[in-house]
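Please look over the sequence and the structure shown below before reading the briefing that follows.

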Amino acid sequence: MQGKGVGESGSQAQLRAGDPEATPGAAVLARGEAAIVPPEPQRQPGSLTPFQTEAALTRRVSDRAINVDIIFPVLHGTFGEDGTIQGLLELADIPYVGAGVLGSAAGMDKDVMKSLFLAAGLPIVKHVTILRSAWQAEPKKVQKLVETKLKYPVFVKPANLGSSVGISKAHHRKELGPQLKRPPNSIARS
């Protein structure tokens, strides 16, 4: 691995993603130059190539920057609390409050969140996670799995949408099928 690391004095230097001194592409971006980003990774260093166009299009990034101290993202659901806006703010090097990218993404995905809670020894409700592809391929097998693990009524909710988006209640087998035809779902006992 190349880059900064343990120095001669034995102290650990801080590693920083996008360090302009260590990464040619980061140096191009740090200077605020417009760049061509190839559609696929290149093997040689310096894959960001500066280019020239009209002056209005190549203004320095700092000339277009917003002047804020911190962002308080008061957003809900997809693109608000799923790590997307957090990632954008991190890429823009703008400080924000709240959970980071990983915490937000994990919290938004109910299946991932339940797996993490289970691994941490936290109690979780009985549930079954069903992928749409599994339902489409073998609906009777999926229905049997749900009925083996849970008892009616069950709540069906999308695994990766907001906490209150797309929830439905299946009181019996005939109501379960239509609910499972929606996006990936997490099914829990009421």
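Against which helices do the buried residues of H4 pack? They pack against H3 and helix H5 (110-119), where helices (H or I, at least four residues) and strands (E, at least two) are DSSP runs numbered from the N terminus. This is a predicted model, in which local features need pLDDT of at least 70, side-chain atom pairs count only at pLDDT 80 or more, and totals for chains, interfaces and linings use all residues. Residues are numbered from 1 along each chain as its sequence is written, and side-chain values use heavy atoms, with hydrogens and water left out.

**Overall make-up**
- The protein has eight helices and six strands, and from the N terminus on its elements run α-β-β-α-α-α-α-β-α-α-β-β-α-β.
- Of its 190 residues, 23% count as buried, a term that means under 20% relative accessible area, with exposed meaning over 50% and partly exposed in between (1.4 Å probe, protein chains only).
- Among contacts (heavy atoms within 4.5 Å) between residues at least 6 apart in sequence, 44% join residues at least 24 apart.

**Helix H4 and Gly 83**
- In helix H4 (residues 101-108), the buried residues are Ser 104, Ala 106 and Met 108.
- Gly 83 lies in the loop between helix H2 (61-64) and helix H3 (84-91), and it counts as buried because its relative accessibility is 7%.
- Leaving aside residues up to four places away in sequence, Gly 83 touches Val 101, Ser 104 and Ala 105; the C-alpha atoms of Gly 83 and Ala 105 are 4.8 Å apart, although these residues are 22 residues apart in sequence.

**Packing of H7 and H8**
- Helix H7 (residues 139-149) and helix H8 (residues 173-180) pack at an angle of about 120°, with their axes 11 Å apart; axes are lines fitted to C-alpha atoms, for helices over the stretch in contact, and angles run from 0 to 180 degrees between N-to-C directions.
- That angle makes H7 oblique to H8, since angles under 35 degrees count as roughly parallel, over 145 as roughly antiparallel, 65 to 115 as roughly perpendicular and the rest as oblique.
- Val 142, Gln 143, Val 146 and Glu 147 in H7 meet Arg 173, Leu 176 and Leu 180 in H8.

**Largest nonpolar core**
- The largest nonpolar core has eleven residues in all, among them Val 128, Trp 135, Val 146, Val 156 and Leu 176; such a core is a set of buried Ala, Val, Leu, Ile, Met, Phe, Trp, Tyr and Cys residues joined through side-chain atoms within 4.5 Å.
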